[in-house]
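Hi,

Here is the structure I promised to pass on.

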Amino acid sequence: FLSLLFFLRQGLCCTAWTVVLTATRASVWLVLAITMVRFYMEKGTHRGLYKSIQKTLKFFQTFALLEVRIVPTSVLVTGVQVSSRIFMVWLITHSIKPIQNEESVVLFLVAWTVTEITRYSFYTFSLLDHLPYFIKWARYNFFIILYPVGVAGELLTIYAALPYVKKTGMFSIRLPNKYNVSFDYYYFLLITMASYIPLFPQLYFHMLRQRRKVLHGEVIVEKDD
């Protein structure tokens, strides 16, 4: 953040902002990855892993809201990804502590971490006009496995949360009340899980099209870019 202020004071172009931002986020996710590996090597279990990184994860995943208009990619794709992750961080794993030690949480944490290290490294080196081929290759190949793994982890985590939500009635509004409205968080989660069916293929095939365009030089026109 001090670096960002420095660039502001010097009146440098917004590209400098973006370089610092993307490089910082790549570094943060790299630190999270190292922290997770060290935790597992020392403890020999995934239990307690989420708790050990939750503060950093919450802050920087929420901070990602700023990137929707900053990073050089589709606003639609970035918006869906960021909002779904903030939902998972705050309204699932933060709010429903009994599911924090589920193995599915590790699935999406690993998928997010590797994806973000690769993605922000790609943005940073691209902005500096010095993009190593391996990072370019990784950006458009790792997602083939990481996206399904991440989605599976998110869905399994939400599924694990359902019994607790149903039992406690958390975030639900029951009738009668002065506003004459009702809301059932349990059914909201079911609808959220169902929304992955149309949304995930769109994001996945968007990345596959980008992969063909970037790695194989195909000319592809997309309406949302």
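Before the pocket, a word on how it was found: on a 1 Å grid over the protein atoms alone, a pocket is an open set of points where a 1.4 Å probe fits, with protein on both sides within 12 Å along at least five of seven lines, while a cavity is a set of points that the probe cannot get out of; lining residues have an atom within 4 Å of a point. Grid points are joined across faces, edges and corners, and the volume is the space filled by probe spheres set on the points.

Please keep in mind that this is a predicted model, where local features need pLDDT of at least 70, side-chain atom pairs count only at pLDDT 80 or more, and totals for chains, interfaces and linings use all residues. Residues are numbered from 1 along each chain as its sequence is written, and side-chain values use heavy atoms, with hydrogens and water left out.

The largest pocket holds about 420 Å³ of space. It has 22 lining residues, and Val80, Ser84, Glu154, Tyr196 and Leu203 are the closest to its centre. Helices α4 (75-94), α5 (103-127), α7 (143-168) and α8 (185-216) each give at least two residues to that lining, with α8 supplying the largest share, 8 residues. By type, the lining has 13 nonpolar (Ala, Val, Leu, Ile, Met, Phe, Trp, Tyr, Cys and Pro), 2 charged (Asp, Glu, Lys and Arg) and 7 polar residues (the others, Gly among them).

**The fold**

The protein has 8 helices and 0 strands, these being DSSP runs numbered from the N terminus (H or I, at least four residues, for helices; E, at least two, for strands). Of its 225 residues, 42% are buried, meaning under 20% relative accessible area with a 1.4 Å probe, protein chains only.

**Helix α3**

Buried residues in α3 include Leu49, Ile53, Leu57 and Phe60.

**Leucine 146**

This residue sits in helix α7 and counts as buried because its relative accessibility is 13%. Beyond its neighbours within four places in sequence, leucine 146 is in contact (heavy atoms within 4.5 Å) with Ala111, Val114 and Thr115.

Cheers

Technical notes: Buried < 20%, exposed > 50% of the residue type's maximum accessible area, 1.4 Å probe, protein only.
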